[in-house]
Amino acid sequence: MYGKGLRALSLATTVVLTAAFALVFFYAPNDADQGFVQKIFYIHVPMAIVALCGFIAGGVMAIAHLRTRAQKWDMRSYVAIHLSLILGVGVLLTGAIWAKASWGHWWVWNEPTLVSFLIIFLLYACYQPLRFSIEDPERQARYASVFAVVAGAFVPLNFLAVRLAQAYTHPRVLGTTGGNLPGDMRFTFLVALAGMVLLFVTLWKYEMASKHATMQLRALRRKLAGEEEPVRATGRTAAPAATLHARPDTH
Amino acid sequence: MPALPLDEAGKYVAGAYVVFVGLILVYVAIMASKLSRIERELEELNELADRRERGT
């Protein structure tokens with residue numbers, strides 16, 4: 001059951017994220033170069049890291065789906081990618097705000113880091129339309145998994161390509177010369193990163209629990225309705241449609 | 001580019017954090033609407049079960 005431990009996880013997420021925000025504004029010093037505006041770093045970078053890892057996790061779950069053909073893996077992959085896309089919107093918006101404050105422009109087209117993230121985001125923006133375009137649920141799940149695996153493999157490759165590219169404006173974090181944040185800034189960043197990971201896991205479990213409950217309700221409706229009431233058509237959907245078949249996986 | 005003064009930088013930092021909180025709130029609102037749909041379906045099923053019980 002996906003709802004198991006959700007309350008403790010939600011509490012942990014709230015505590016860690018609140019602590020991270022408190023550290024950002026009351027503990028971490030202002031950056032010597034950028035000043036106060038560098039505080040955006042503590043949400044922008046963790047969001048980007050978690051979004052990219054979420055895309056990769058979606059690919060790994062898609063591999064599990066292709067290997068086992070179990071619908072639960074397709075659902076897990078779908079939710080991970082869906083959440084990563086939402087975080088991706090956050091990364092693009094907070095990045096644009098930071099760019100405007102630091103560089104005087106909302107977007108810089110000749111910066112590989114920005115453009116590569118946009119390419120990844122637009123690539124995954126095709127994921128939902130792809131699913132929606134296929135009516136047969138099994139084919140939809142299979143094609144979506146292949147897409148998730150290929151796109152998931154593209155994420156680290158893209159990351160590597162950007163690291164090898166000549167740096168322009170955007171700083172390189174976690175690089176060979178990176179990681180030289182002062183101790184208090186590093187600690188704040190790590191707490192913010194932990195908070196973002198917890199937020200992702202909590203929302204993932206939350207959405208999985210919701211989808212699982214919907215599936216079980218529909219299965220129950222079919223059982224109860226029998227011949228008495230026709231099963232309502234669910235219509236075409238981008239979400240995994242395991243509901244159309246037998247009882248959903250319960251683990 | 002020199003660092004922005006606090007009054008100038010503050011609105012950008014506030015904007016970025018508002019975007020983050022706003023995204024989470026929108027997500028939670030969408031999930032809440034899904035939850036209310038589940039609740040409605042559950043009520044319908046409960047009524048259906050009652051009807052069947054009375055019928056048998």
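Which helices are included in what covers the buried residues of H1(A)? Helix H2 (41-68) and helix H7 (183-225) of chain A are among them.

## The model

This is a predicted model, in which local features need pLDDT of at least 70, side-chain atom pairs count only at pLDDT 80 or more, and totals for chains, interfaces and linings use all residues. Residues are numbered from 1 along each chain as its sequence is written, while chains are lettered from A and ligands numbered from 1 in the order in which they are written.

## Chain A overall

Chain A has 7 helices and 0 strands. Helices (H or I, at least four residues) and strands (E, at least two) are DSSP runs, numbered from the N terminus. Along the sequence the pattern reads α-α-α-α-α-α-α.

Of the 251 residues in chain A, 39% are buried. A residue is buried if 20 or more other C-beta atoms lie within 10 Å of its own, exposed if 12 or fewer, and partly exposed in between; C-beta atoms are placed from the backbone. Two residues are in contact if their C-beta atoms, placed from the backbone, lie within 7 Å. Among contacts in chain A with a separation of 6 or more, 78% come from residues 24 or more positions apart.

## Helix H1

Helix H1 of chain A covers residues 6-26. Its buried residues are Thr13(A), Leu17(A), Ala20(A), Phe21(A), Leu23(A) and Val24(A). They cover an arc of only 160° around the axis, so they sit on the same side of H1(A). The arc is that of the directions from the helix axis to the C-beta atoms. On the other side of H1(A), the exposed residues include Arg7(A), Leu11(A) and Phe26(A).

Leu9(A) also lies in helix H1. It counts as partly exposed because it has 18 C-beta neighbours inside 10 Å. Leaving out residues up to four places away in sequence, Leu9(A) touches Leu198(A), Val201(A), Thr202(A) and Lys205(A).

## Helix H6

Helix H6 (residues 137-164) of chain A has 28 residues, which should span 40 Å at 1.5 Å a residue. The expected span is 1.5 Å times one less than the number of residues. The end C-alpha atoms are 41 Å apart, which agrees.

Buried residues in H6(A) include Pro137(A), Ser145(A), Phe147(A) and Val155(A). Helices H2, H3 (71-103), H4 (112-125) and H5 (127-133) of chain A are among what covers the buried residues of H6(A).

## Where the chains meet

In chain B, 25 residues are in contact with 32 residues of chain A. The side of chain B that touches chain A has 20 nonpolar, 2 polar and 3 charged residues. Ala, Val, Leu, Ile, Met, Phe, Trp, Tyr, Cys and Pro count as nonpolar, Asp, Glu, Lys and Arg as charged, and the others, Gly among them, as polar.
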